[in-house]
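Open the model in your viewer and have the selection tool ready. This tour goes stop by stop.

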Amino acid sequence: MARDAAIRAALDKADPAIRCYLLYGPDESASRALAQRLATAMGADAERIDLEPSQIIADPARLTDEAASISMFGGARHIRVEGVSDICLAAVEALLEAPAAGNPVVLIGGALRKDSKLVKLVSGDATGMAHPSWLPDAGDIDQVAIELGREQGLRIGRELARRLSALAGSDRAILASEIEKLALYADASPEQPREADHAMLDAIGADMGEADLTRFTDAVLGGDEAVLDAEVARLIQEGREGIGLVRALLPPLTQLAAIRTEMDRGASPGQAVEKAGRAIFWKQKDKMAAYAMRWSSPRIARAIERISEAGREIMRASGPGPIAVEAELFTIARQAGRGRR
């Protein structure tokens, strides 16, 4: 099994000795973030071929053929398959046994077991690398923020890291994207490192239109279905449907979970909100305290699980599409609305 540093190094240089990367584990956003490192290493002009598991199951030779094919544009090429499992074994065996491949293949799986035949096959082959991504706890994701910042040339303190993690809903892919924006704003690079601060994050937060999302998140957490209907329509018109709505809701849900946990430990709503510090915009503190009184910890956990799963489903080509996210949003709002009565 490849360690974090080894898999990142291989992906970052598109190591020609590796023809197949298996990125799996319960934290699929982390697996996708790793896959993106290979895409970056291949270059902006590289052609990416996306295959469905059903395609390589029905035709096991398809994966090998794509890996050996020359790009129609004559440049670099790489292949990605999401949602793989042991039933894809024959196709991966053919790829690893082929005399040559040429184009790297990234396989993204979910929570495969460590005794999975696919994991054993790829990790046991000299031309393959397998790496699991585990869901981080609060301390881990804060450290991830600090390390991602260091890679971008940003010095991120623990308090700012905690705020970034909360804003990203503890999603590594979102976190990496926001830190890239922060580094760009700060004009930071590994050669010219900069100190990141809350003022910078406030500035890019305004640029990202966070205020425009407040009505949306308030409608969900406050259980106002009429406002939610109007907000979803508005955001879809702005191109924020599906995964964009998931990413807008996860940070406040994560913040709400942290506040409710503090209340369960004996803190008052106000004390719990204050403990969250600058992760919560000051204008939202009273509202978040009110929401925390309405929501129980188990209900918040279920809401996070359901909206996250809806997001994962729409990332799959065979999934139900953005409508699944919209349905979950109204289910969550309906539950919140019942808490008002």
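**Stop 1: the whole chain**

Show everything as a cartoon. Remember that this is a predicted model. Colour by secondary structure, and look for 17 helices and seven strands in the protein chain. Now turn the view along the principal axes. The C-alpha atoms fill a box of roughly 65 × 45 × 40 Å.

How much of the chain is buried? Buried residues make up 49% of the 341 residues. The protein chain exposes about 16,500 Å². Carbon and sulfur atoms supply 52% of that area.

The chain has 43 positive and 51 negative charges, and their mean positions are 5 Å apart. Then think about contacts. Take those between residues with a separation of 6 or more: 77% of them join residues 24 or more positions apart.

**Stop 2: helix α1**

Select residues 4-12, which form helix α1. Show the side chains. Which residues of α1 are buried? They are Ile-7, Ala-10 and Leu-11. Their arc around the axis is only 95°, which puts these residues on the same side of α1. There is a general rule to recall here. An α-helix has 3.6 residues a turn, so residues three or four places apart point the same way.

What covers the buried residues of α1? The cover includes β1 (20-24), α2 (28-42) and β5 (128-132).

Ala-6 counts as partly exposed, because its relative accessibility is 36%. Now draw a distance line from Ala-6 to Arg-234. The two C-alpha atoms are 44 Å apart in space, and the residues are 228 apart in sequence.

**Stop 3**

First, some background. Most residues other than glycine have a negative phi.

Go just past α1 to Ala-14, where phi is positive, at about 45°. Ala-14 sits in the loop between α1 and β1.

Then jump to Asp-187. Here phi is near 55°, again a positive value in a residue other than glycine. Asp-187 lies in the loop between α9 (172-186) and β7 (194-195). Is Asp-187 buried or exposed? Asp-187 is exposed, because its relative accessible area is 52% and the cut-off is over 50%.

**Stop 3: Leu-112**

Select Leu-112. Where is it? Leu-112 is in the loop between β4 (105-109) and α6 (117-123). Leu-112 is buried, because its relative accessible area is 16% and buried means under 20%.

Show what surrounds Leu-112. Leave out residues up to four places away in sequence. Leu-112 then touches Leu-22, Tyr-24, Val-84, Ser-85, Leu-118 and Val-119.

**Stop 4: Arg-162**

Move to helix α8, residues 158-167, and pick Arg-162. Arg-162 counts as partly exposed, with 43% relative accessibility. Find Thr-261, which is 99 residues away along the chain. The C-alpha atoms of Arg-162 and Thr-261 are separated by 16 Å.

**Stop 5: Asp-218**

Finish in helix α11, residues 210-222, where Asp-218 is found. Asp-218 is buried, with a relative accessible area of 12%. Which residues are in contact with Asp-218, apart from its neighbours within four places in sequence? They are Gly-223, Gln-284, Lys-287 and Tyr-291.

Last, pick Leu-228, ten residues from Asp-218 along the chain. The C-alpha atoms of Asp-218 and Leu-228 are separated by 8.5 Å.

Methods
Residues are numbered from 1 along each chain as its sequence is written. This is a predicted model: local features need pLDDT of at least 70, side-chain atom pairs count only at pLDDT 80 or more; totals for chains, interfaces and linings use all residues. Side-chain values use heavy atoms; hydrogens and water are left out. Helices (H or I, at least four residues) and strands (E, at least two) are DSSP runs, numbered from the N terminus. Buried means under 20% relative accessible area, exposed over 50%, partly exposed in between (1.4 Å probe, protein chains only). Contact means heavy atoms within 4.5 Å. Accessible areas come from the Shrake-Rupley method with a 1.4 Å probe; for residues, only the protein chains shown count as cover. Lys and Arg count as positive and Asp and Glu as negative; His and the chain ends are not counted. The place of a charge is taken as NZ of Lys, CZ of Arg, CG of Asp or CD of Glu. The arc is that of the directions from the helix axis to the C-beta atoms.
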